Amino acid sequence: MTAPISGAPERTARPAVRAQSLAQGTVGASLLSIERAHNGTGTWEAVHVQLSAVTLHDLIASDQAALFLGAPAVAFVLQTAAAGTDRYRTALRTLDTTVIALTERRLDHARARMQRGERPRPAEYDLLYGLTGLGAYLLRRAPHGDAVRHVLSYLVRLSEPLRDDGVQLPGWWTHLDPVGGSSFPGGHGNLGMAHGIAGPLALLSLAHHHGVVVDGHAEAIERICTWLDTFRQDDGGAWWPQWVTLSEQRDRTVAQPGPMRPSWCYGTPGLARAQQLAGIALGDAARQRMAEDALVDCLSDPAQLDQITDSGLCHGAAGLLHTAVRVAQDARRHELTARLPRLRELLLAQEPEGEEGLLRGSTGPELVAQAAASGGIPASGWDVCLLLA
């Protein structure tokens with residue numbers, strides 16, 4: 001990602017943390033073995049061997065556990081391996097109990113924070129370490145359960161505005177500095193898929209599309225989209241900043257001079273997919289068309305593509321390609337499909353990653369290459385953790 005994870009759980013070199021990190025650890029790397037076993041290019045024995053390295057450690061189930069760390073990460077990976085079979089059935093039942101209890105506990109903390117009138121930390125709500133990530137797992141694993149509806153209701157409330165020193169702020173506005181310093185007086189509003197509001201928007205939209213709907217659901221999607229519209233820039237094609245400062249929020253301006261690198265975690269691709277999903281969910285053809293046009297313009301801009309300098313899934317060529325593939329599959333515009341070969345070439349042109357890892361490392365690019373070889377749809381559904389599908 002382009003910046004430190006403000007408010008995220010402390011990352012250490014402890015073996016359990018390393019093993020149970022979906023982003024960089026063993027459990028994330030096992031997704032490649034699982035994908036290969038599903039499509040017949042690998043074996044389930046190889047999967048069992050890799051997962052056994054994870055179970056050597058006690059599962060992390062504290063309040064810092066999330067989709068990308070600890071018990072929920074392990075549960076997500078086992079669910080992709082199970083894929084509708086009885087595989088890992090007992091383990092998943094146990095983990096479901098753990099994940100639901102964790103989710104309800106974290107929801108209690110979030111509601112108490114709201115009651116106190118305090119601003120959230122990104123790790124309260126975001127995809128990687130927050131309630132959006134837990135909701136993404138629950139939407140796939142237990143879409144008719146209470147826990148996922150509780151997460152969606154929380155996100156609806158998160159979308160409601162708050163006032164601070166006379167300025168109306170979105171409910172996800174955080175007091176933290178996105179780069180880990182003190183140069184953002186008044187905090188910031190994050191737009192990205194990994195740590196910003198695009199993640200909650202994608203989850204709300206996917207849930208709505210699949211008929212998992214709570215009170216105020218559509219209105220929350222519309223509120224978030226309206227806020228994104230406020231900061232959409234339209235010079236040379238639509239694009240959005242990574243984040244908004246307090247002065248930018250107050251003045252409805254954007255200081256960022258132009259689009260940053262086109263990535264899944266920040267930038268036009270992730271935001272385009274989230275807003276395309278919103279358009280599909282609400283039957284808003286104009287929203288869907290705007291999002292798809294934004295991505296077409298992005299992929300037609302050599303200056304943006306030239307900013308891709310690695311193969312990674314998070315902010316490199318693999319993430320760009322796979323996001324574009326998912327947008328193209330649902331698109332009304334056929335121009336996106338015509339641009340995919342160029343993105344495959346861009347991925348092949350990058351230096352191979354030196355170590356395993358889903359978001360940073362060789363696992364993500366290899367998973368994307370596997371998906372591209374079979375029409376772009378992963379056999380295991382591993383990209384649920386990116387909220388692309």
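Before judging any handedness I wrote down the rule: a crossing is left-handed if the near helix is turned anticlockwise from the far one by less than a right angle, and right-handed if clockwise. Helices (H or I, at least four residues) and strands (E, at least two) are DSSP runs numbered from the N terminus.

The model is predicted, so local features need pLDDT of at least 70 and side-chain atom pairs count only at pLDDT 80 or more, while totals for chains, interfaces and linings use all residues. Residues are numbered from 1 along each chain as its sequence is written, and side-chain values use heavy atoms, with hydrogens and water left out.

**Entry 1, H9 and H10.** I looked up how H9 passes H10 and found a left-handed crossing. Helix H9 (residues 198–209) packs against H10 at an angle of about 145°, and their axes are 10 Å apart. Here axes are lines fitted to C-alpha atoms, for helices over the stretch in contact, and angles run from 0 to 180 degrees between N-to-C directions.

I then listed the contacts (heavy atoms within 4.5 Å). From H9 come Leu201, Leu204, Ser205, Ala207 and His208; they meet His217, Ala218, Ala220, Ile221, Ile224, Cys225 and Leu228 of H10. By class, this contact has 9 nonpolar, 3 polar and no charged residues. Nonpolar covers Ala, Val, Leu, Ile, Met, Phe, Trp, Tyr, Cys and Pro; charged covers Asp, Glu, Lys and Arg; the others, Gly among them, are polar.

I found Ala218 in helix H10 (residues 217–230). Leaving aside residues up to four places away in sequence, Ala218 touches His208 and Leu282. Its C-alpha atom is separated by 8.4 Å from that of Leu204, 14 residues apart along the chain. I put Ala218 down as partly exposed because its relative accessibility is 21%. The classes are buried under 20% relative accessible area, exposed over 50%, and partly exposed in between (1.4 Å probe, protein chains only).

Helix H12 (residues 268–282) has 13 of its 15 residues buried. Gly283 follows H12 and has a positive phi, near 65°.

Arg252 has a phi near 55°. I placed Arg252 in the loop between helix H11 (246–251) and H12, and it is partly exposed at 46% relative accessibility. Leu387 also has a positive phi, near 55°. Leu387 lies in the segment after helix H17 (363–372) and is buried, with a relative accessible area of 1%.
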